[in-house]
Amino acid sequence: MNIYNTLTRKIENFKPLNHPKVTLYTCGPTVYDFTHIGHLRTFTNNDILKRTLNYLGYQVKHVMNITDVGHLTGDDDTGEDKLEKGAKKTGKSVWEVAKFYTDFFIQSINDLNIIKPEILCKATDHIKEIIQLIQILEKKGYTYETKEAVYFDVSKFKNYGKLSRQPLSQKIQAARGEVYIDPEKKHPADFALWFKRVGRFANHTMHWDSPWEDGFPGWHIECSAMSMKYLGETIDIHAGGVDHIPVHHENEIAQSEVASNKPFVKYWFHNNFVTVEGKKMSKSLGNFYTIEDIKKKGYKPEALRLLFLQSHYRQILNFTWDSLNAAQEAYNKLKEYILILRKQNDMISFTQDKSNQIVNYREKFIQALTEDLKTPQAMAVVWQMLKSNIPSANKIDLLFEFDQVLGLQLDRTRDEEIPKDIIRLAQEREKARKEKDFKKADEIRKKIKELGYLIEDTPVSYRLKKASQQKII
Ligand code: AMP
Ligand code: ZN
């Protein structure tokens, strides 16, 4: 497996620390608003990576965090806590807000057939681990305390900026004049490990006792604490969106490597954005769609998953309804293939030559994925294979095998959405046709049409469609 590593800016051969085990950590959602399809693209690509590794025989242990405290609206410790903001907006408690959006997130990843991480852990359930980690950093002399917070002193960590390749001198203060900044903060890139419940946070709802006064953790520390707790001090792969490279992941590296004296992550896997009209899809810009919006418009979640597969994870994906429409059509076509293939029975035509072709398609599929997860190329192999002359039964087998990685739930393809009496009529018509009773066959076709379905003859059998939508769903 070759994979692009943001740390080295190179496509590298993947060698896990403890073959065949792979440790994977993904930065999860901040649960103050709806999970949108931008997040879902990142989570789907992480899922494809995990499924590919499993398909290749690795055993992946996957941890994802849920940020339910401490993520401020500004990545540089400015603004308000996103959860508190969500609570104010909805008139609910912060805990209710977190629960509601966590449930929505889980429902969304289920819809996209994303395998649930082995461990899905909340920041608020790990306050003890977070405090212990801050204490280690404090003992090592990498922190300082102000009246308002405990900060990590980035100037002491000589490798700060190694992921984003941004020297500290270039870290400009993102905050504008009107944004409140702790006057005792030494460097704009220093980041809060613990906020005290004073000043702008005097009324913060979520708070815990700590060696530095009652308060709550900063955002970045939770990922180091949970990653180290569940996966060990050095992990194989850490995944997230590209927006996390300059601040969040840089900070995770600093905290973790100071605490353990070991490299934190071997391979950094970053996903590019989903944009709408050229702008990043985001909660703050309000230009987002959720999986519910997609379903309400009559699209299947699998069509969205296929749309994601059709672009490479390191490219920006500009979302349009036209592109989703095309993906839905491609998905319908895949299912149509399955229905047709299932009715064919041509195992007899199997030859050595065709057996070589099968091996070839499998190799090409694996090659596309193991060369930096080239999902569009992997999909191209799928279509080539379906259009080839290998026996139908083998096509189905290969398709379902590939679907272990694609995750399109193709094995669930059934005629079931066509009512039973329509299927029975179609079977009767097929019988009449075979017996060359074409008058009867035509009458049944008319009857099927009156009931709202169309029947099309194929070289080997027939196909049923709902008349209104002209598609098999
Ligand atoms: P958040 O809830 O904002 O912390 O984001 C959760 C994950 O989704 C992070 O890895 C983000 O980088 C990623 N993400 C957020 N917005 C987008 C987007 N528009 N496109 C792709 N990934 C995104
Ligand atoms: Zn994180």
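## Basis

Residues are numbered from 1 along each chain as its sequence is written, and chains are lettered from A and ligands numbered from 1 in the order in which they are written. In this predicted model local features need pLDDT of at least 70, side-chain atom pairs count only at pLDDT 80 or more, totals for chains, interfaces and linings use all residues, and side-chain values use heavy atoms, with hydrogens and water left out.

## Domains

The chain is assigned three stretches: domain 1 (2-271), domain 2 (279-412) and domain 3 (420-466). These bounds come from an automatic or database domain assignment. Between domain 1 and domain 3, the C-alpha centres are 58 Å apart.

Ligand 1 lies between domain 1 and domain 2, because both give residues to its shell.

## The ligand site

Two elements give two or more residues to the shell: helix H1 (37-55) and strand S10 (235-241). H1 supplies the largest share, four residues. Helices (H or I, at least four residues) and strands (E, at least two) are DSSP runs, numbered from the N terminus.

The shell holds 19 residues, and Thr30, Thr42, Asp243, Val274 and Met281 come nearest. A residue counts as near if one of its heavy atoms lies within 4 Å of the ligand. By type, the shell has six nonpolar, 10 polar and three charged residues. Here Gly counts as polar, and charged means Asp, Glu, Lys and Arg.

## Polar contacts and burial

Polar contacts are pairs of N or O atoms within 3.5 Å. The side chain of Thr42 places an N or O atom 2.7 Å from a nitrogen atom of ligand 1. Backbone atoms take part too. For Val274 the distance from a backbone N or O atom to a ligand nitrogen is 2.9 Å. For Gly38 it is 3.1 Å.

Alone, ligand 1 would expose 490 Å², of which the protein buries 95%. Areas come from the Shrake-Rupley method with a 1.4 Å probe.

## Backbone details

The His19 to Pro20 peptide bond is cis, with omega near 5°. Pro20 falls in the loop between strand S2 (10-13) and strand S3 (21-26).

Glu277 has a positive phi, near 45°, in a residue other than glycine. Glu277 belongs to the loop between strand S12 (274-276) and strand S13 (279-280).

Definitions and conventions. A polar contact is a pair of N or O atoms within 3.5 Å; within protein, one must be able to donate a hydrogen and the other to accept it, and residues adjacent in sequence count only if both atoms are side-chain atoms.
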